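Open the model in your viewer and keep the sequence panel beside it.

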Amino acid sequence: MKVTLVTDYFYPKSKGGTEKYVYLLASYLLTAGWEVQVLSIDNEKEAGSYNGINITYIKEYQGTDKNVFKGRVPPDNKEVFLERLKQFNPSVVHFHTLTSNINLFHIQWARKAGYKVVFTTHIPSHICLRGDLLYRGKRMCDGYVNMVKCGTCLAGKKSAGKIDFLKHAAYNILHPSSSVKIRLQEFSVFNKYAHAVVPVSKWQERMFLNNGFKKEKLVVCRQGAELPIGLKRAGSTNTLKLGFVGRIEPIKGLDLLVEAIEQLDHKNIELHVAAIPQLGEHEDYYNKLKNKVKSFPGSTWVESLPAEKLPAFYQSLTYLVVPSLWLETGPFVVYEALANQLPVIGTDLGGIKELVQHGKSGFLFQPNVESLVATLKDAAGSVQEISSFMENYQVRSSNEIGKEMTALYQKLLQEA
């Protein structure tokens, strides 16, 4: 059996939750006897490998057509994409990203070429055009996409003043090529051409159902973590050692955590950050937080921490803090922390609230500084109680992803 895992982002070029999910899935499939091809993006080479996983590449879209970036027309890589699939001849083509390089057109092409097609949705933007599922940036949205609600929400994000808002809202609601109209068309394509759509959290499943997806096509498959060997938790101290792991950009909320620590007596608090650099538009934000964290006594900031060093990092902490300001589908770091018996302090949003048991495997707080300050005070006084619970806490293994996807692939291959 052969499977092609399609992702715009993959190791060693980039690292993140989607990359790790695809890597763990590919690794399991190889051990289960499947032949695996990762199809990704690179302008310099046509093929490569990563830890025994074969990778084939197509080039990044390098044109300037806005219609391509908005998903209205396909990029100019149809022939090479289909040729890569033909050379490998997989039984299943499993998509994990939608970008200007690899998108719904590729799902249609793969289905029409006769392959079984699966799509795993890893991020909120596959539903929400804002990308965070927060209506007007203020409250959790129900995820139901319609012209008026989404049109006005998008207009509020892009507008500068009332007249500009009305202009953008009118376009979003009435114009046949507006982003909202295209998103509704995309849902129709998903329903028609994907044999299965795989959300990684229950809230995603609910929102896809809200938008008319067929129940029988939705298969929830949560993320998982590699279970550590020889777990060694750090001994208890009077110092509250808080950790943050991930991209440094506003939606991840590290600034919220830094501000909360500043409001506390932080002589007995250390903040340890394992940062995935996000420069470009977030460079000033990144450097400001880096300098601030380094000014805290006992705190550290490390960049691009190798995967093999993450378990030791987790095991040195009292709590992992996940102060995300959008609806996470996991995130992966929560699974990893819990696998390392490390309790989590996270926002009461999206996938985090599905994974963290408040008062048992960690704490949930509302996404504001006041709530986080109060929660950190509670967490400081509950270390022993939470630690005792975590000693017997069981977390989902990454192998479960592979087992569930293998079962799905086999089911689809048995169908006519």
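A residue is called buried under 20% relative accessible area, exposed over 50%, and partly exposed in between, with a 1.4 Å probe and protein chains only. The model is predicted, so local features need pLDDT of at least 70 and side-chain atom pairs count only at pLDDT 80 or more, while totals for chains, interfaces and linings use all residues. Residues are numbered from 1 along each chain as its sequence is written, and side-chain values use heavy atoms, with hydrogens and water left out.

**Stop 1: aromatic pairs**

A pair of aromatic rings is described by the distance of the centres and the angle of the planes. Rings of Phe, Tyr and Trp (its six-membered ring) pair if their centres lie within 6.5 Å; planes under 30 degrees apart are stacked, over 60 edge-to-face, and the rest tilted. The count by this rule is 18 aromatic pairs.

Select Y23 and Y50. Their ring centres are 5.6 Å apart and their planes stand at 75°, so this pair is edge-to-face. Y23 belongs to helix α1 (residues 17-31) and Y50 to strand β3 (residues 47-50), so the pair links distant parts of the chain, 27 residues apart. Helices (H or I, at least four residues) and strands (E, at least two) are DSSP runs, numbered from the N terminus.

Are Y23 and Y50 buried or partly exposed? Y23 has 18% relative accessibility and counts as buried; Y50 has 23% and counts as partly exposed.

**Stop 2**

Now select F119 and F190. This aromatic pair is tilted, with 5.0 Å from centre to centre and 35° between the planes. F119 is in strand β6 (residues 116-121) and F190 in helix α7 (residues 179-193), so the pair ties together parts 71 residues apart in sequence. Both residues are buried.

**Stop 3: a charge over a ring**

Select K2 and F88. K2 lies over the face of F88, 5.1 Å from the ring centre. The rule asks for NZ of Lys or CZ of Arg within 6 Å of the ring centre and within 35 degrees of the ring normal.

**Stop 4: the whole chain**

The protein chain has 16 helices and 15 strands. Its C-alpha atoms fill a box of roughly 60 × 60 × 40 Å along the principal axes. Of the 416 residues, 53% are buried.
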